[in-house]
Amino acid sequence: MRLYLVDAFTDRPFSGNPAGVVLLDEPADAGWMQHVAAELKHSETAFVVTEEEEPKPLRWFTPTTEVDLCGHATLATAHVLGGEQVFRTRSGELRCTAADGRVSMEFPADPPKPAEVNVSAGLPGLTPEHVARGVSDVLVVVGDAALVRGAEPDLGALAEVDARCVILSAPGDRPGIDFVSRVFGPAVGVPEDPVTGSAHCTLAPYWTERLGRTELVGEQASARGGTVHTALLGERVRLSGSAVTVAEGELLV
């Protein structure tokens with residue numbers, strides 16, 4: 001079994017979001033995959049069965065649980081395999097194309113709807129302009145990117161929010177960046193995710209409606225940082241970004 005470590009949504013090593021990618025000849029036991037993900041300790045590890053006809057089965061695991069959708073580990077997988085790929089996942093078929101140094105992916109859009117969610121304990125000192133909920137995540141919008149960059153969340157309190165992740169976002173604060181975000185997922189074993197493709201399935205519809213443009217660029221303002229290009233295509237979102245392979249080898253167990 002081949003193992004790759006890939007930094008996704010970046011063109012520089014040791015930035016973006018690191019993901020494990022495991023290439024399987026046949027489907028593997030879920031418990032074994034969970035152990036591998038826990039051993040690697042990345043926010044997600046992807047497992048793809050390469051010997052099956054398309055769509056290839058693809059699953060994602062955090063260090064503690066299997067998730068329904070992961071953008072950066074899908075981008076990492078498509079980067080490793082190259083060309084055009086179709087994956088069968090818990091979120092339906094996902095189509096990816098790797099070309100000219102960038103991977104494009106089509107994901108289901110997850111437009112957020114206004115919701116009453118108390119995030120004050122988890123995001124102390126912040127006054128949200130807007131709180132909304134998608135299928136998986138809660139979106140919290142504030143008025144200034146500096147508030148996003150400087151936020152010091154209470155991860156214990158955020159873990160009590162009924163959501164996979166809490167997305168904190170604001171308008172962009174520099175040329176070429178339409179919005180900034182940070183993503184916190186302590187409930188699924190990811191205190192802060194460096195760059196979260198799937199969160200942009202919620203961010204893209206929100207900011208497209210607010211800014212009036214279908215093609216946008218988001219910066220995820222984590223310590224590692226990364227850039228996600230988005231395009232809203234009706235009920236789908238095209239996410240694209242670069243990736244860098246930093247290591248490859250074999251799993252021995």
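What is the relative accessibility of Arg149, and does that residue count as buried, partly exposed or exposed?

Analyst: Arg149 has a relative accessibility of 33% and counts as partly exposed. In this classification, buried means under 20% relative accessible area, exposed means over 50%, and partly exposed lies in between, with a 1.4 Å probe and protein chains only. The model is predicted: local features need pLDDT of at least 70, side-chain atom pairs count only at pLDDT 80 or more, and totals for chains, interfaces and linings use all residues. Residues are numbered from 1 along each chain as its sequence is written, and side-chain values use heavy atoms, with hydrogens and water left out.

The side chain of Arg149 forms a salt bridge with that of Asp173, at an N to O distance of 2.8 Å. Arg149 belongs to helix H3 (residues 145-150), whereas Asp173 sits in the loop between strand S12 (165-171) and strand S13 (179-185), so the pair ties together parts that are 24 residues apart in sequence. A salt bridge here is a side-chain nitrogen of Lys or Arg within 4 Å of a carboxyl oxygen of Asp or Glu. Helices (H or I, at least four residues) and strands (E, at least two) are DSSP runs numbered from the N terminus.

The loop between S12 and S13 takes part in another such contact. Asp178 pairs with Arg213, and their closest N and O atoms are 2.5 Å apart. Asp178 is in that loop and Arg213 is in the loop between helix H5 (200-211) and strand S15 (215-220), so this bridge connects parts 35 residues apart in sequence. Asp178 is buried, with a relative accessible area of 17%, while Arg213 is partly exposed at 39% relative accessibility.

A further bridge concerns the strands S1 and S18. Glu250 and Arg2 meet through their side chains at 3.7 Å, N to O. Glu250 is in strand S18 (residues 243-250) and Arg2 in strand S1 (residues 2-8), and the pair links distant parts of the chain, 248 residues apart. Glu250 is exposed, with a relative accessible area of 54%, and Arg2 is partly exposed, at 30%. Elsewhere, Arg59, Glu66, Asp68 and Arg90 are joined in a network of salt bridges. The structure holds 17 salt bridges.

The C-alpha atoms fill a box of roughly 50 × 35 × 30 Å along the principal axes. Among contacts (heavy atoms within 4.5 Å) between residues at least 6 apart in sequence, 61% join residues at least 24 apart.

As to burial, 53% of the 253 residues are buried. Helix H2 (residues 71-81) has nine of its 11 residues buried, so this helix is largely enclosed by the rest of the structure. Its buried residues include Gly71, His72, Leu75 and Val80. Gly82, which follows H2, has a positive phi near 75 degrees.
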